[in-house]
Amino acid sequence: MGRIHPRKALDVFIKGFAKFVLHFPNAVFLIAGPDFGHESLLRLLVSKLKLNDHIRFLGYVNDKERKHLLAATDILELVSWPGENFGLAAVEAMASGIPVLVSEHVGICHEIESDGAGCVTKVEENAISKKLIEMISDQEKLVEMGNAGKISARKRYEIVPVARLLATA
């Protein structure tokens, strides 16, 4: 969930996902967000890798659709290149109890890792595939990460804790 932009490294994620699908042939990756001129290239990559049955482009999703989408999500990925200064989509997922897979370039990657709300990976297809396999293979750990994400989102990003931080800054 977020804009479809080269900074999001979706091309690298798709290549990693292609390797993941070899182990989990029923997996589906949903790409939700407005196109910022990159979707056509990603669609070509999906076709080239023969992933048309595994990757779906949903376009922009509104708040109501986003809630339904999150309810059906096992893992949210935000494996971006440098410049991803925060990671709002990751916080939304965490608040909904969804484990996240983010790159080391996402602004809140250290908090996600230290709070146990998900995993951090390099923007590299083998590393992405390995982390996805690791995460999805341990359903109990996935539930724990989702629960930890809810706690982390409340503790760190709800209005009261943020206001306290701003008041003391």
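## Surroundings of Lys150

Apart from its neighbours within four places in sequence, Lys150 touches Met94, Ala95, Ser96 and Gly97. The model described here is a predicted one. Lys150 belongs to helix α7.

## Packing of helices α6 and α7

Two packed helices are described by the angle between their axes and the distance between the axes. For helix α6 (residues 125–137) and helix α7 (residues 139–157), the angle is about 95 degrees and the axes are 5 Å apart. Because angles of 65 to 115 degrees count as roughly perpendicular, α6 is roughly perpendicular to α7.

On the α6 side, the contact is made by Met135, Ile136 and Ser137. On the α7 side, Gln139, Leu142 and Met145 take part. Sorted by class, the contact of α6 with α7 has 4 nonpolar residues, 2 polar residues and no charged residues.

## Aromatic pairs and the phenylalanine cluster

A pair of aromatic rings is described by the distance of the centres and the angle of the planes. With ring centres required to lie within 6.5 Å, the count is 6 aromatic pairs. One of them is the stacked pair of Phe13 and Phe17, with 6.3 Å from centre to centre and 20 degrees between the planes. Both residues lie in helix α1 (residues 10–21), where they are 4 residues apart, about one turn of the helix. Phe13 has 2% relative accessibility and therefore counts as buried. Phe17 also counts as buried, because its relative accessibility is 4%.

Phe17 pairs with Phe29 as well: the ring centres are 5.6 Å apart and the planes are at 40 degrees, so this pair is tilted. The pair links distant parts of the chain, with Phe17 in helix α1 and Phe29 in strand β1 (residues 29–32), 12 residues apart. Phe29 has a relative accessibility of 10% and so counts as buried. Phe13, Phe17 and Phe29 are among the members of one aromatic cluster, which also includes Phe20 and Phe24.

## A charge over a ring

What sits over the ring of Phe36? The charged end of Arg3 does, at 5.6 Å from the centre of that ring.

Notes
Residues are numbered from 1 along each chain as its sequence is written. This is a predicted model: local features need pLDDT of at least 70, side-chain atom pairs count only at pLDDT 80 or more; totals for chains, interfaces and linings use all residues. Side-chain values use heavy atoms; hydrogens and water are left out. Rings of Phe, Tyr and Trp (its six-membered ring) pair if their centres lie within 6.5 Å; planes under 30 degrees apart count as stacked, over 60 as edge-to-face and the rest as tilted. Helices (H or I, at least four residues) and strands (E, at least two) are DSSP runs, numbered from the N terminus. Buried means under 20% relative accessible area, exposed over 50%, partly exposed in between (1.4 Å probe, protein chains only). A charge sits over a ring if NZ of Lys or CZ of Arg is within 6 Å of the ring centre and within 35 degrees of the ring normal. Axes are lines fitted to C-alpha atoms, for helices over the stretch in contact, and angles run from 0 to 180 degrees between N-to-C directions. Angles under 35 degrees count as roughly parallel, over 145 as roughly antiparallel, 65 to 115 as roughly perpendicular and the rest as oblique. Contact means heavy atoms within 4.5 Å. Ala, Val, Leu, Ile, Met, Phe, Trp, Tyr, Cys and Pro count as nonpolar, Asp, Glu, Lys and Arg as charged, and the others, Gly among them, as polar.
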